[in-house]
Amino acid sequence: MRRVPILLVRTFGFKLCGSKLRLPSRPFVSLMSLMSLMSLRVPYVLRVPGAKTLRNQSAMWYQSVRDCMTQRAATERIWRAAALMRGKDSLDSRMVRAALLTIFLLTAPAICHGQGKPEVLKVEPPNWWAHHSINPVRVMIRGRNLADARVEAAGLGIETGLTRINALGIYVFVDVKIDANATPGRRALRITTPAGTTEASFEISAPLTREGRFQGFNTDDVIYLIMPDRFSDGDPTNNDPITSRGLYDRSKTRYYHGGDLEGVINHLSYLKSLGVTAIWLTPWYDNVNHLNELEQYPDGSGGSKQPITDYHGYGAVDFYGVEEHLGTLAKLRELVDAAHRLGIKVTQDQVANHTGPYHPWVDDSPTPTWYNGTKEHHLANIFQTWVLHDPHPVAQMKRETLEGWFIDILPDLNQNDDETSRYIIQNTLWWIGVTGIDAIRQDTWQYVPNSFWRKWTAAIKREYPKVNIVGEVLDGDVAHCSFYQGGRMRFDGVDTGLDTLFDFPLLYPLRRAFAEGRSVKEIALVLSHDQLYPNPNVLVPVVGNHDLSRFMNEPGATVAGLNLAHTLIMTMRGTPQIYYGDEIAMKGGGDPDNRRDFPGGFPGDTRSAFDKQGRTSDEQLAFDYLQKLGRLRAELEPLRRGELVNLYVADQQYAYARRTERASVIVAFNNDNRPATIEFDVSTVGLADGATLTDRLGAARDVLVKSGKLKVSLPARAAGIFVRR
Ligand SMILES: [Ca+2]
Ligand SMILES: [Ca+2]
Ligand SMILES: [Ca+2]
């Protein structure tokens, strides 16, 4: 006899780590005996050092309503299994008793739990639609004492199907089928246990009309990124909500500052005047209602570490809720409708990789494999993203990057769990359906398996063919980023279906050139890698965002340089994205300094940069310039849809055409600190001799095409957009 450690490492609500059971000297046989315990439908994981972890599969821990285990049945099965094992392999009877006792103790609370009256705490999704591409919809009910539940539909036009309940009786998954001709209105799911009956409310919603909704953005658009908490406080009554007191303090960089959805609504016409046709709001999911003690940072430079708030929205505790500091679901719908009335599309920021550390799932997850690991036992993310597209990666490195928890804190969702995967897909479709949004920006794209994305993008397109998705792969390497764009099957056998990506590889040379004054040739060099993307023409070029220090904080940055940077993204292939405040040349270092309050957006602000009279001269210069670029882009079709043709590349000068079948527009940059004259061939872009071109930015004089060439003189640090007269 020797000791073989067996760890019963995980059950619902229980961790029994390091327990040791005595096994006889034939560990393999003993292991087989223990495996027969799986027939008990008891949740457990056996982990034997040196052997593969044995999980009882979902089919084991799930219990259908009809097959629900009562205390008596469980006892009988335990003794039947014990008799079976004793007969089969003469397992040490003390060991059997110990094992059975342990398992009984582990399951007893679950069984006992089912004795109280059933209660419902949360229904996800709370409503759905008839004629939807997902039917039945899988409803996840969170509650108490649901262990022996029977779930029935109450009301016309719906019926319940497969029902599964987790062992602690906290989560019920039930398929709800909606008849094609079911009328919209309230329904209920009646939940009955031996201890009583309760109802989970559920609604069949009337679908929003498709006209003017679910549109997707395209290269005709200009996207503007808003962090709502920092943009404008339109409703001071939600600054210190009753449910989450004490998180509002404008003097602290990581507290709520009061900005909200109402503030965005109030400034839609400002955005329209700037030339914006689509907005992207950082996540509006409900975030934790108290301080985040797990993440602590000094406020500003120096000082001691202190808890923060999740004002940024990336720490969801409820994927079906709107953060109360920002507003309500009704307010969100009002915002989307108001934006649409002005011709502005709305992009939702979604996070499928992780939840906030205080999400209720962390303490009792709906399935044993809902997350990759548990709060106590998980991998920390090592951010070795290069292995994610490596055909021969070190498996452990890849796992630590795909499944590791960000900063060792943010619980990493396991999209390989069918229930988790289904939850995320339905949640995405729910937000689109209830709000009428047009597009999705998906956070931390690369940290989620491509096999999941394929399912997720397909589900979106099936229901909303025009809704498109921009993925965040924050990396400067085209070889890296291009791997993730859909439209092509990769070595892993997956086409992710991802429409587009932010063009971060272009951002870095753009900043080096136009802030630091380094060579513009680097920009052309990065663009030469466009061939690696399945479709580079729909990328989203950016000058900045909420994760990067602002352009104006770069060494050497000036408003003239910022204007050149904006000229590039507003005339480059793809759909440009502007970061709030960059239109007025706001400064700011790394997060959170790059998220300063927009001047004039908050009560008591001494001036408003939303209005001309409130802007400084530099702010006005930047604003006027970007507004002019927006107007030119709207007016000149080639800037939105034309092919990109490089015409001239030198150390400090760069010229290209955007060409359609109907017209060409020439864009030329002089990044040098002195005037420059450059000459280049334009015969390839349909400009014949004798054509006169005018610089619509007003920096250069009119130019005439002679001998197939164009000779352009530009002042120091200036750009021209040349259009045929
Ligand atoms: Ca507010
Ligand atoms: Ca909240
Ligand atoms: Ca992950």
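Colleague: What is the handedness of the crossing of α14 and α15?

Modeller: The crossing of α14 and α15 is right-handed. Bear in mind that this is a predicted model.

Colleague: And what makes α14 roughly parallel to α15?

Modeller: The axes of helix α14 (residues 559-571) and helix α15 (residues 617-635) cross at roughly 15°. Angles under 35 degrees count as roughly parallel, so α14 is roughly parallel to α15. The two axes also come within 10 Å.

Colleague: Which residues make the contact?

Modeller: On the α14 side they include Val559, Leu562 and His566. From α15, Leu621, Tyr625 and Leu629 are among them.

Colleague: Now the loops. How do you know that Phe214 is buried?

Modeller: Phe214 has 21 C-beta neighbours inside 10 Å. The cut-off for buried is 20 or more, so Phe214 counts as buried. It sits in the loop between β15 (196-205) and β16 (223-226). Phe214 is not a glycine, yet its phi is positive, at about 50°.

Colleague: Why is Arg717 called buried?

Modeller: Same test: you need 20 or more other C-beta atoms within 10 Å. Arg717 has 22, so Arg717 is buried. Arg717 belongs to the loop between β33 (709-714) and β34 (718-724), and its phi is positive too, about 45°, although it is not a glycine.

Colleague: What kind of peptide bond joins Glu124 and Pro125?

Modeller: A cis one, with omega about -5°. Pro125 lies in the loop between β8 (119-124) and β9 (127-129). The bond from Asn135 to Pro136 is also cis, with omega near 5°, and Pro136 is found in the loop between β9 and β10 (137-144).

Colleague: What does Ile279 touch?

Modeller: Leaving out residues up to four places away in sequence, Ile279 touches Tyr224, Ile226, Leu271, Ala339, Ile344, Val346 and Thr347.

Colleague: And how much of the chain is buried?

Modeller: Buried residues make up 48% of the 725 residues.

Note on methods: Residues are numbered from 1 along each chain as its sequence is written. Chains are lettered from A and ligands numbered from 1 in the order in which they are written. This is a predicted model: local features need pLDDT of at least 70, side-chain atom pairs count only at pLDDT 80 or more; totals for chains, interfaces and linings use all residues. Two residues are in contact if their C-beta atoms, placed from the backbone, lie within 7 Å. A residue is buried if 20 or more other C-beta atoms lie within 10 Å of its own, exposed if 12 or fewer, and partly exposed in between; C-beta atoms are placed from the backbone. Axes are lines fitted to C-alpha atoms, for helices over the stretch in contact, and angles run from 0 to 180 degrees between N-to-C directions. Helices (H or I, at least four residues) and strands (E, at least two) are DSSP runs, numbered from the N terminus. Angles under 35 degrees count as roughly parallel, over 145 as roughly antiparallel, 65 to 115 as roughly perpendicular and the rest as oblique. A crossing is left-handed if the near helix is turned anticlockwise from the far one by less than a right angle, and right-handed if clockwise.
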